[in-house]
Amino acid sequence: MRKTIICILALASGGLALPVHAQDHRDLHRAVDAAIVSDIARDRQAERDAKRQPYASPGYGTIRTAAAARNACAAKAREEAGPGAKIVGRIAASTMSTGWEVEGEVSGGRGSVPFVCSVRNGAVSGIMLRWPE
C-alpha cells in the first residue's frame with residue numbers, strides 16, 4: 001500500500017507532472033484514496049481466502065475425501081487402541097456440513113472396541129473409543 005502511495009506522490013511531485021492546479025490536487029487525492037481502498041479490499045479478500053482453505057491434519061495431510069477421512073480415522077483409532085491394534089470389519093464415513101463422521105471398530109490389547117471419529121475442515125478433530133467397563 002505504501003509503495004502505491006509513494007509512487008503516485010513521486011509521479012505527481014516529480015518532473016513528470018505539469019504545474020499543479022486545484023483540479024490536479026483533487027485527482028491526486030482520488031488516486032491515493034483509490035489505491036488505499038484497493039489495498040484494503042485485497043487484504044480482506046486474502047483473509048477470506050485463507051479462512052476457506054482446509055486445515056492440514058498433522059501426519060495425515062489434507063483430508064478432502066471420504067476415503068481420506070476413513071484412512072485418517074483408522075490410523076488415529078489404531079494409535080489410540082495401542083500397539084498391534086487392527087481395524088475390524090468395514091469403516092463407514094457419513095458426510096456432514098463441514099466434514100465427515102467416521103464409524104468403525106478396532107481390536108486392541110483389551111479386545112474389540114467401536115470408535116467414532118470426527119473430521120472437520122480437513123483434519124481429524126476428535127476420536128472416541130467406547131471401551132467396555
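Among contacts between residues at least 6 apart in sequence, 37% join residues at least 24 apart, where contact means heavy atoms within 4.5 Å. Please keep in mind that this is a predicted model: local features need pLDDT of at least 70, side-chain atom pairs count only at pLDDT 80 or more, and totals for chains, interfaces and linings use all residues. Residues are numbered from 1 along each chain as its sequence is written, and side-chain values use heavy atoms, with hydrogens and water left out.

Now to the layout. The chain has 3 helices and 4 strands, and from the N terminus the order is α-α-α-β-β-β-β. Helices here are DSSP runs of H or I with at least four residues, strands are runs of E with at least two, and both are numbered from the N terminus.

The strands make an open sheet of 4, ordered β1-β2-β3-β4 with antiparallel pairing; two strands pair if DSSP finds at least two bridges between them. At the edges sit β1 (86-96) and β4 (123-129), each pairing on one side only. Strands β2 (residues 99-108) and β3 (residues 111-120) run antiparallel, joined by 10 bridges. Gly108 stands opposite Gly111 in β3.

So what links Cys73 and Cys117? They form a disulfide, with their sulfur atoms 2.1 Å apart; the criterion is a pair of cysteine sulfur atoms within 2.5 Å. The angle about the S-S bond is -70°, and the link of Cys73 and Cys117 is left-handed. Cys73 lies in helix α3 (residues 66-81) and Cys117 in strand β3, so the pair ties together parts that are 44 residues apart in sequence.

Are these cysteines buried or exposed? Cys73 counts as buried because its relative accessibility is 0%, and Cys117 also counts as buried, at 1%. The cut-offs are under 20% relative accessible area for buried, over 50% for exposed, and partly exposed in between, with a 1.4 Å probe and protein chains only.

One more residue in helix α3 is Ala69, buried with a relative accessible area of 0%. Leaving aside neighbours within four places in sequence, Ala69 is in contact with Ile63, Trp100, Val102 and Val119. Ala69 and Ala93, 24 residues apart in sequence, are 7.4 Å apart in space, C-alpha to C-alpha.

Finally, for the chain of 133 residues, buried residues make up 23%.
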